[in-house]
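Please open the model in your viewer and keep the selection tool at hand. The tour below goes from one selection to the next and says what is found at each stop.

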Amino acid sequence: MSVRQWARDLAMGVRFAFTGGREGWTRAVLTAVGVGLGVALLLLTTAIPNALAVRHDREAARTDITFSSEQLPKADDTLVVADVGSDFRDDSVRGRALDPEGPRAPLPPGVEKFPAVGEMVVSPALKKLLESDSGALLRERLPDRIVGTIGESGLIGSAELAFYRGADDLASHIDGGSIARIDRFGDPDPSSERSDPVLLLLILVVFVVLLTPVAVFIAAAVRFGGERRDRRLAALRLVGSDGGMTRRIAAGEAMAGAVLGLVFGAVFFMIGRRLAGTAEVFRISVFPSYLNPSPLLALLVGVAVPAAAVLVTLFALRGVVIEPLGVVRAGRPARRRLWWRLLLPLAGLAMLYPMIGNGRDNGDFNQYLVTGGVVLLLVGVTALLPWIVETVVARLGSGGVAWQLAVRRLQMSSGTAARMVNGIAVAVAGAIALQMLFVGVDDDYTRSTGQDLAQAQMEVVLPSDLLVATAADKLRDTEGVKAVYGYSEGYLGDRPKDPEHGTTVTVGDCASLRAMARIDSCTDGDLFAVHGAEWDGDEDMTKLAAPGRKFYVDPSYEGGPKSKEIPWAVPQGVKAAKPRKGLLAGTDRGGFLFTPKAMPDALAPALTGHAFLKLDESVADVHDRVRTAAAGIDPLADTVTWAETERTGRFDAIRTGLFVGAACVLALIGVSLLVSQLEQLRERKKLLSALVAFGTRRRTLSLSVLWQTAIPIALGLLLATVVGLTLGTVLLKMTNTPVGVDWAGVLTMTGIGAGVVLAVTLFSLPPLLRLMRPEGLRTE
Amino acid sequence: MTPPAGSLLSAEQLRKAYGPTLALDGAEFSIHPGEVVAVMGPSGSGKSTLLHCLAGIVPPDSGTITYNGRELSAMNDSQRSALRRSDFGFVFQFGQLVPELTCVENVALPLRLNGTSRKEAERAALTWMERLEVDDLRKKRPGEVSGGQGQRVAVARSLVTDPRVLFADEPTGALDSLNGERVMELLTDAARSTNAAVVLVTHEARVAAYSDREVVVRDGKSRDMERVV
């Protein structure tokens, strides 16, 4: 057969798609909307790597504090920058205080001019928040006059809360930590982080799991309105086209819908891109300019979608005999064969098998085998489901009229039903597998902070020259603060420079010290040495606490800046204390404990103050009240909200990405289900009206529609669970992680899938009731 | 106005419009038990609308319909549905059989909707299928039988509840003349044997010939031909 004939038949199909009057247009537009939604999601997903790369680049470009041990001398091109970031409710606020030391001091990206003391430049989102009523508490913390906004190049997302404020005399606080001197912005060592193979595996699987249902959805969308089209094709046979021609014409019609879908998709993508700039999903926001799909991937989508439409239609029509006087399907269609359907998932497993036991330490996973294996396993769901639905519904017994109508309909066209739930089943299978993988490797990316939330819920770290007692008093006056334990803390060594032995110094009142160690009696002026602590330095405390032994508080280290090196000798009368699990990070802590009067004044500049706060968390915005109070004490004060565990940022980001993507995919599939359901109902309008005419209750018909959806979805979710658990098990074995099933996660995922179907059924009820009106019998 | 004496179903001064199109404009109708009345008229004259109003499928905009002494237009939708299930039977031009049910399940469907058990309903359905000479099709689906056979199955379905009124809307419209005549013979014989009234909408004179009386509908108005003759 010649290419020309193919082209001619396809072109005729394209013409039919747009010249069939209102019905033709409706079908083409329905297909195009379905395909368009899928294409938009594909483009959006393919743009995500670029968006993440741009975010990463922007983050790298504004990097300032690098915890470098190198100290720059003051010059006319240096800038002292302090991290004065904070949190507001659940959002983090990136903040920097800037103290330029010369006319050539580097400007941060997105900032045109340094703000003076008492001024700040803010991100547009922060500006909006500070100007709103809900931001009043934050405004109290950031009272500086806003003199400008940070440009896009200085932000990683449109909803990011960020500010730069002017400051002076920051140089005296430089500590190599949160305050540093720099001569340029930017990450000095950008490629130091080696990619974790398990994280890469997660990213790869997330992409496959999100994109496969979209592809399945597009395949279903090009078949919208298939039954009505089949009747039109019969008319073509009547005027002389042969079976092959008719199928190609049908493929041409589908292709027209797909091409129109590409246009719709591009428009939806542009709208989505614009909306993405104003939305924040799971705390991630982007600028529209970030969302640029790679041209190669976009081209691939542009070619693959129409080609898939043609192939899917030809494949779908292979079992349909189109006769000149109507479409004749074999009364009982040929039974579906299981063997080749099983081949797909088995081949998928075979591709993943060689990587079992690979773990984290044996290099990266082969991305082609991972992608191929996961795709084949998931596509296996779409191949197996029609067979399962057909086999099960063929064995379903009798029941009420609604049940009978539904079961008989499923027996007659189980393929349509299976196609409708394919997308959901694939999405749920993938999500279950990923959920298992996430829960399995969760421990590797989550570490305990050791913070005991029963003892305190917040910590305020104060700059070294601040008196803890004064700060504690101010914090105590804050609404919602029940108790404050104040400490000053430092480190002492046996030599002023590069000490061999050393331990910690803690200063606090008796009540605070009791929260840290077991002390028999305590009066102000006492000094304690804690014996037998889990962490008390690297020499026996008895030797360290020998009266007259000389130490240097805040010793210096080679390569680092010169510290304060304040000499101190152990006095007589040091009392013994025993360790206890205290406030400090869960470990029992040793060293010297000073009551305020026991501490020589000379040591004060070498100590850092900490205040641990017990809060009444029923007080609204209590955390922000504390943050504001701390900022009032000193703008350089840092606040930490305690949590029992913390996760690595990238792990969280991937997990978030999965949820965002899964939500979009399920919403998309829900829309496709609804369109498909409405299309089917429209096809049966006359029959529904006839059934109502001879007295069928509307409830009976509604129930039959529900059964018709519920039976295949139940089977689909069952299969999805089996495939998801299998894939999850294989992935966990690949990462060398003990296999465990998170049943709550499985139930949640299948529940969400079932919820989508229920929602679709509910949404399709009003049109169903409308279609059941006896007026549907009218033909004129 | 009172309905004609002895009539089972009657309508007076029926008006029904679909948007700007006036389908019925003061139409009148009556039928007695066991009587076969053909409603004739050109396409778009309002015949089917008259049938739909008489059967309680669509409510008229004005006018009265009385069935067995009860005012149909005073009933709500569920009462009319119940009446259609128990007292009326329907045959449409294209049968409107449920494609996924077998022929015997299709015929049994109205009984099952009335709460009859599946076994009993299918037994009664088979009896009617035998009378209409389609019992050999019981396990086939509508898509596997010819148009004439399907229409006979539809007639069996319309009679299975022993309706007092049978509404037939162009029952032979999709059949060739031979099949059409056979269907009409079976339909009218079966109806007469149960003393059911038949409202037969058709535009074919040869189909109308099976009736006892003809009513012509034109421009939404009805005219009883018997009275003219």
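## Starting with chain B

Select chain B of this predicted model, in which 70% of the contacts between residues at least 6 apart in sequence join residues at least 24 apart. Coloured by secondary structure, chain B shows eight helices and ten strands, and buried residues account for 54% of its 229 residues.

Next, select residues 47-54 of chain B, which form helix α1. How many of its residues are buried? Eight of the eight are, so that the helix is mostly covered, and they are B:K47, B:S48, B:T49, B:L50, B:L51, B:H52, B:C53 and B:L54.

Now move to helix α5 (residues 147-159) and helix α6 (residues 177-193) of chain B, whose axes lie 10 Å apart and which pack at an angle of about 10°. Because of that angle, α5(B) is roughly parallel to α6(B), and the crossing is right-handed. To see where the two helices meet, show B:G147, B:G148, B:Q151, B:R152, B:V155 and B:L159 on the α5(B) side, and B:N179, B:R182, B:V183, B:L186, B:L187 and B:A190 on the α6(B) side.

## A helix pair in chain A

For another pair, select helix α9 (residues 339-352) and helix α10 (residues 367-394) of chain A, whose axes come within 7 Å and cross at roughly 160°. This means that α9(A) is roughly antiparallel to α10(A), and here the crossing is left-handed. Among the residues of α9(A) that meet α10(A) are A:L344, A:P345, A:G348 and A:L352, while those on the α10(A) side include A:G373, A:L377, A:G380 and A:W387.

## The nonpolar cores

Which residues touch the most other members of the largest nonpolar core? Of the 199 residues in this core, they are A:A425, A:A429, B:V39, B:A156 and B:V199. Helix α12 (residues 414-445) of chain A gives the most to the core, with 17 residues, and at least three residues come from each of domain 1 (1-39 + 195-267 + 301-329) and domain 3 (332-447 + 647-780) of chain A.

Centre the view on A:A425, which, leaving aside residues up to four places away in sequence, touches A:V381, A:L385, A:G716, A:L717, A:L719 and A:A720. The last stop is a second, separate core of 82 residues, where A:F88, A:A472, A:M541 and A:V622 can be selected as members.

Conventions:
Residues numbered from 1 in each chain as written. Chains lettered and ligands numbered in written order. Predicted model: local features only at pLDDT ≥ 70, side-chain atom pairs only at ≥ 80, totals over all residues. Core = buried A, V, L, I, M, F, W, Y, C linked by C-beta atoms within 7 Å. Buried ≥ 20, exposed ≤ 12 C-beta atoms within 10 Å, placed from the backbone. Helix = DSSP H or I, 4+ residues; strand = E, 2+ residues; numbered from the N terminus. Domains from an automatic or database assignment. Contact = placed C-beta atoms within 7 Å. Axes fitted to C-alpha atoms, helices over the stretch in contact; angles between N-to-C directions. Parallel < 35°, antiparallel > 145°, perpendicular 65-115°, else oblique. Left-handed = near helix turned anticlockwise from the far one by under 90°.
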